[in-house]
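Dear colleague,

Please find below the structure that I promised to pass on, together with its sequence.

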Amino acid sequence: MDMEFTQVLLNAQSIDANVRKHSEESLKQLQEQNLSSFLLSLSGELANNDKPVDSRKLAGLILKNALDAKEQHRKLELVQRWLTLDINVKSQIKTFLLKTLSSPAIDARSTASQVIAKIAGIELPQKQWSELIGSLLLNIHQLPAHVKQATLDTLGYLCEEVSPDIVDQDQVNKILTAVVQGMNASEGNNDVRLAATRALYNALGFAQANFSNDMERDYIMRVVCEATLSPEVKIRQAALECLVSISSTYYERLAPYIQDIFNITAKAVREDEEPVALQAIEFWSSICDEEIDILEEYGGDLTADSDVPCFYFIKQALPALVPMLLETLLKQEEDQDQDEGAWNIAMAGGTCLGLVARTVGDDIVPLVMPFIEENITKADWRQREAATYAFGSILEGPSPDKLTPIVNVALNFMLSALTKDPNSHVKDTTAWTLGRIFEFLHGSTLDTPIITQTNCQQIITVLLHSMKDAPNVAEKACGALYFLAQGYEDVGPSSLLTPYFQEIVQVLLTVTHREDAGESRLRTAAYETLNEVVRCSTDETAAMVFQLIPVIMTELHKTLEGQKLSSDEREKQGELQGLLCGCLQVIIQKLGSTEPTKHMFAQYANQIMGLFLRVFACRSATVHEEAMLAIGALAYATGPEFGKYMPDFYKYLEMGLQNFEEYQVCAVTVGVVGDICRAMEDQILSYCDGIMTQLLKDLSSNQLHRSVKPPIFSCFGDIALAIGENFEKYLMYAMPMLQSAAELSAHTTGADDEMIEYANSLRNGILEAYSGILQGFKNSSKTQLLIPYAPHILQFLDSLYMEKDMDDIVMKTAIGVLGDLADTLGNNAGPLIQQSISSKDFLNECLSSEDHMIKESAEWAKLAISGAIFI
């Protein structure tokens, strides 16, 4: 059996497809027949040094995949499966794995490290395998360097898999001691030192107590800083990665070390190899992120005794940091504009410079302007491009008052460079910088307009001309036009762009047909810009927007012509259909927003819906997300008329609601159900059984991404509002689900920020459901059906108030629900509201809120409550 098993594993990697398929089926069979024996055989194969490298490698991989999966529901199944395995079998597997750590074969050791960590991630929280960390620490003192390295790797992976609160402080101390000793310069083996440095990176989250102790922190920081000077480039890179992590995890502990770190990072940026230099820049970007967050959270009123003091590291380092970053801008790569995923020192330096500008505001301008003035007209393209990039990078952060005079001088120069500069890199960065100028220094909120009657024509002429340039330049010119249009969003009845609307649309449509529009995201950028130009247009151009409909419909029709497509062509066709549906969505929203234009649009509604249905039909399994969004807009624009499309559309709606894999599609479809409810009102009744069944299935599923659940609850409210008392038959299914979700979301003690954000989104969905149901039953003869649920709703509102971590949106919806309860149930709710622990305090708090939306809801709720109490 042993040799046979090895052969099956080797055959599963054969170049002969038949042999491979046969072996894969055999492995599947072995797993299904006897899982324990199968996993034991895999771990035995992995541990056996006499076996071929390839069979051991695959055995380890299958073992790892038997413990973990990307999808959350599958992962939970695998965890349960492992926990129910026979304890003796698990013990043998773990013995084999620990034995593999001393194997001379690096692949086997590396896989064993990862598998041990996966098992630890499952068992340690269950108070099992408690001896693991102790036996790994014993291994550290083994003589062969490769055993030490594999053990440090395992400790690193373990720290990645396990939550810090699972491991007690005594063991954390021992792990950190072993890791930091392995990092020491006295460690002669570079592989061991690298493994230790990477392990520390993963273990930093466990070191809270150690970083609070001055002596221990000093020791860890000294060892990390020493490792940045190692002769081995990978160790220097890993050590700087540790510093980046420390900068965000232990920002408040950095002050004593910041000068030394500046020296280390400055040397790395100027002299070291790129992977090391990039991490050195990343350190300062990370410090900027921390300080931006603190300054945003606390506003300008930071005092020395605030909870999270800002140390102003960036402000202090400014005179030395900015020149260092400006130097990096001159280290461009020849082809970086063509490569979408490019990342190099110049780009990292520019990104960091942008973050510095956001951190310190006006103070950066005098430090950067001399560099721009000196280099912007130089003969070498690198200097001109670096100067332009520096200028573009500092446009977000400093005040408009500081930047506007400089931009007014620079604008003509930029427009000229975009037309005349001989170098494509310089043109690319110039167009990007113009986009940044329009994004941050143009719009109805600014006192001094940069774009005037005088220069508007020149700006548009130059941008449209640049759309004929190389794809990367044309794409950035589209981006600049996008922000130019966006600045006129709230401009009123007339916009400076109106006289050029027709020409702009024509040029953008021409760009979408360029032979090379597939490069540099150019086609996508052109359609996104067209959408923004339409979205921000005024009534003056409504007739021209109307004329766009048949043009875009023709384009969409072309993608539906029945030719046989390869999978690559089908993907491109799907992308193009998405862009065209997105464009129609914006046009529908624009024309559907006022009565006269809505009437004009109505003549095309049938044809457009026909096209959307054909788009769905050519995608067999999945529903087209963009077409779904466009149908939501169409439902809003056509109102009750939308009912005539439902017989043909319903199957696609159902398909979208069943799409667990592409959960964004499912979420969008749930949103469209809401749009259709608002459009059709009680006409939707005949479809509600199917829709509600699917929504309840979605909520019960552990396969569906949790982010879709809040919109589903909101959707209950939309349905109830549309069908009123006919929602009666769904109450017995919907209400218990709302109640259990409410209990889950009410208590967030000890949750992290992400969890609280999700809890608030869930709460809002639940409250919107309650609000829709209460309003739906108002003035009906069946309001008494809701009385049994009132105590629970009030209890939910009480617990939200007590928890004190509602965001403003939840607060507004919650006080609205209190009002709905009183409004719909009248004197049946009055006594319950009076008995509730916190209703009065909650109402008073909302009445004195600075948020006018909350205040408005609270004033309405107060009226409704006083009506219910005094009836």
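**Helix packing and other local features**

Helix α25 (residues 501-512) packs against helix α27 (residues 542-558) at an angle of about 20°, and their axes lie 11 Å apart. The helices named here are DSSP runs of H or I with at least four residues (strands would be runs of E with at least two), numbered from the N terminus, while the axes are lines fitted to C-alpha atoms, for helices over the stretch in contact, with angles running from 0 to 180 degrees between N-to-C directions. Before going further, please note that this is a predicted model, in which local features need pLDDT of at least 70 and side-chain atom pairs count only at pLDDT 80 or more, whereas totals for chains, interfaces and linings use all residues. Residues are numbered from 1 along each chain as its sequence is written, and side-chain values use heavy atoms, with hydrogens and water left out.

The crossing of α25 past α27 is right-handed, a term used when the near helix is turned clockwise from the far one by less than a right angle, with left-handed used when the turn is anticlockwise. On the α25 side the contact (heavy atoms within 4.5 Å) is made by F501, Q502, V505 and L509, and on the α27 side by M544, V545, Q547, L548, V551 and I552. Sorted by class, the residues of this contact between α25 and α27 comprise eight nonpolar, two polar and no charged, where Ala, Val, Leu, Ile, Met, Phe, Trp, Tyr, Cys and Pro count as nonpolar, Asp, Glu, Lys and Arg as charged, and the others, Gly among them, as polar.

A second pair is formed by helix α32 (residues 646-657) and helix α34 (residues 685-700), which pack at an angle of about 10° with their axes 10 Å apart. That angle makes α32 roughly parallel to α34. Here α32 contributes M646, P647, Y650, L653, E654 and L657 to the contact, and α34 contributes Y687, G690, I691, Q694, L695 and D698; by class, the contact of α32 with α34 has eight nonpolar, two polar and two charged residues.

The contact involves V407, L411, M414, L415, A417, L418 and T419 of α21, together with K427, T430, A431, T433, L434 and I437 of α22, and the contact of α21 with α22 divides into nine nonpolar, three polar and one charged residues.

**Single residues**

Y527 lies in helix α26 (residues 522-535) and is buried, with a relative accessible area of 2% (buried means under 20%, exposed over 50% and partly exposed in between, with a 1.4 Å probe and protein chains only). Leaving aside neighbours within four places in sequence, Y527 is in contact with T512, E555, L576, L579 and L580; the C-alpha atoms of Y527 and L580 are separated by 7.8 Å, although these residues are 53 apart along the chain.

D362, in the loop between α18 (345-360) and α19 (365-375), is partly exposed at 29% relative accessible area. Not counting residues up to four places away in sequence, D362 touches P398, S399 and K402, and its C-alpha atom is 6.6 Å from that of K402, 40 residues away along the chain.

E71 is found in the loop between α4 (53-65) and α5 (72-83) and is partly exposed, with a relative accessible area of 45%. E71 and Q703 are 632 residues apart in sequence, yet 7.7 Å apart in space, C-alpha to C-alpha.

N779, in the loop between α37 (753-777) and α38 (790-803), has a positive phi near 60° and is exposed, with a relative accessible area of 72%.

**Cysteines**

A search of the whole structure finds zero disulfides, a disulfide being a pair of cysteine sulfur atoms within 2.5 Å. For C159, the nearest cysteine sulfur is that of C242, 12 Å away. C159 is buried, with a relative accessible area of 6%, and C846 also counts as buried, at 0%.

Definitions and conventions:
Angles under 35 degrees count as roughly parallel, over 145 as roughly antiparallel, 65 to 115 as roughly perpendicular and the rest as oblique.
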